[in-house]
Amino acid sequence: MLNCSILFLVLILYCVEGSRCPDGEFDKWKEFRGFCYHFSERSATWRRAKEACTRAAEGSYIADILSEEENNWIFERLNTYHYYEDYYIGATDREWEGHFVWENSGESLDDTYTNWNEGEPNQHLDTPENCAEMKISNGKWNDIPCDIVMRYVCKLPVYEK
Ligand SMILES: [Ca+2]
Ligand SMILES: [Ca+2]
């Protein structure tokens with residue numbers, strides 16, 4: 001009987017755990033380690049992506065990526081969608097060239113975590129490359145012009161809904 005009680009409790013906890021991310025219009029929220037992530041189906045400039053993330057749910061923002069585990073999880077998710085398109089993340093150096101910060105916190109990437117692709121960030125076009133994307137090919141990051149239109153990742157703390 002005790003075993004049945006424990007099983008029941010586990011089932012309840014599983015159901016509660018499984019419903020902590022928003023659903024509805026933004027139906028691709030997925031939970032990982034205390035945060036929900038939305039992988040957009042629409043494409044937008046970086047600024048529009050940032051605004052869309054803010055609108056998507058109360059407390060959500062264009063995603064920062066703070067650890068290798070988080071980066072790997074997001075990269076794996078992107079691969080499962082088979083979109084063949086890179087995704088904006090929340091890093092920008094539009095305020096101070098060469099100094100990338102996370103849009104939501106203002107924290108320097110140098111103080112948190114970085115996963116730049118080889119040779120990036122390189123600011124290599126005439127148009128400034130002041131926004132960051134995750135490359136769907138390898139999960140690494142690249143700086144690109146903020147006006148390019150692409151998909152994006154939003155992030156939402158589970159307990160701040
Ligand atoms: Ca730049
Ligand atoms: Ca670049």
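Visitor: Among contacts between residues at least 6 apart in sequence, what percentage join residues at least 24 apart?

Guide: This is a predicted model, in which local features need pLDDT of at least 70 and side-chain atom pairs count only at pLDDT 80 or more, while totals for chains, interfaces and linings use all residues. Residues are numbered from 1 along each chain as its sequence is written, and chains are lettered from A and ligands numbered from 1 in the order in which they are written. Two residues are in contact if their C-beta atoms, placed from the backbone, lie within 7 Å. Among contacts in the protein chain between residues at least 6 apart in sequence, the share joining residues at least 24 apart is 63%.

Visitor: What percentage of the residues in the protein chain is buried?

Guide: A residue is buried if 20 or more other C-beta atoms lie within 10 Å of its own, exposed if 12 or fewer, and partly exposed in between, with C-beta atoms placed from the backbone. Of the 161 residues in the protein chain, the buried share is 32%.

Visitor: Which residues have the most contacts inside the largest nonpolar core?

Guide: A nonpolar core is a set of buried Ala, Val, Leu, Ile, Met, Phe, Trp, Tyr and Cys residues joined through C-beta atoms within 7 Å. The largest such core has 35 residues. Elements giving two or more residues to this core include α2 (46–56), α3 and β8 (151–157). The residues with the most contacts inside the core are Tyr37, Tyr88, Ile89, Tyr152, Val153 and Cys154.

Visitor: Which residues does Tyr152 touch, not counting those up to four places away in sequence?

Guide: Tyr152 is one of the residues with the most contacts inside the largest nonpolar core. With residues up to four places away in sequence left out, Tyr152 touches Ser40, Ala44, Ala49, Cys53, Ile62, Tyr87 and Tyr88.

Visitor: Which residues of β2 are buried on each side?

Guide: In a regular strand the side chains alternate between the two faces of the sheet. Strand β2 is mostly covered, with five of its five residues buried. The residues are Phe35, Tyr37 and Phe39 on one side, and on the other Cys36 and His38.

Visitor: What is the phi of Arg33?

Guide: Most residues other than glycine have a negative phi, and most peptide bonds are trans. Arg33 lies in the hairpin of β1 and β2, which has two residues between the strands. Arg33 is exposed because 9 other C-beta atoms lie within 10 Å. Its phi is positive, near 50 degrees.

Visitor: What is the omega of the cis peptide bond that joins Glu120 and Pro121?

Guide: Pro121 lies in the loop between β5 and β6. Gln123, in the loop between β5 and β6, has a positive phi near 50 degrees. With 15 C-beta neighbours inside 10 Å, Gln123 counts as partly exposed. For the cis peptide bond of Glu120 and Pro121, omega is about -5 degrees.

Visitor: Which residue of β7 is the bridge partner of Glu133?

Guide: Strand β6 (residues 131–134) has both faces covered, with Cys131 and Glu133 buried on one side and Ala132 and Met134 on the other. It is joined by four bridges to β4 (residues 87–92), running antiparallel, where Ile89 partners Ala132. Four bridges also join β6 to β7 (residues 141–144), again antiparallel. In β7, the partner of Glu133 is Asn142.

Visitor: With which residues is Phe75 in contact, leaving aside its neighbours within four places in sequence?

Guide: Phe75 lies in helix α3 (residues 68–81) and is partly exposed, since 19 other C-beta atoms lie within 10 Å. The C-alpha atoms of Phe75 and Met134, 59 residues apart along the chain, are separated by 8.0 Å. Gly139 is in the turn of the β6 and β7 hairpin, with a positive phi of about 75 degrees. Beyond those sequence neighbours, Phe75 is in contact with Met134 and Gly139.

Terms used. Pairing = 2+ DSSP bridges.
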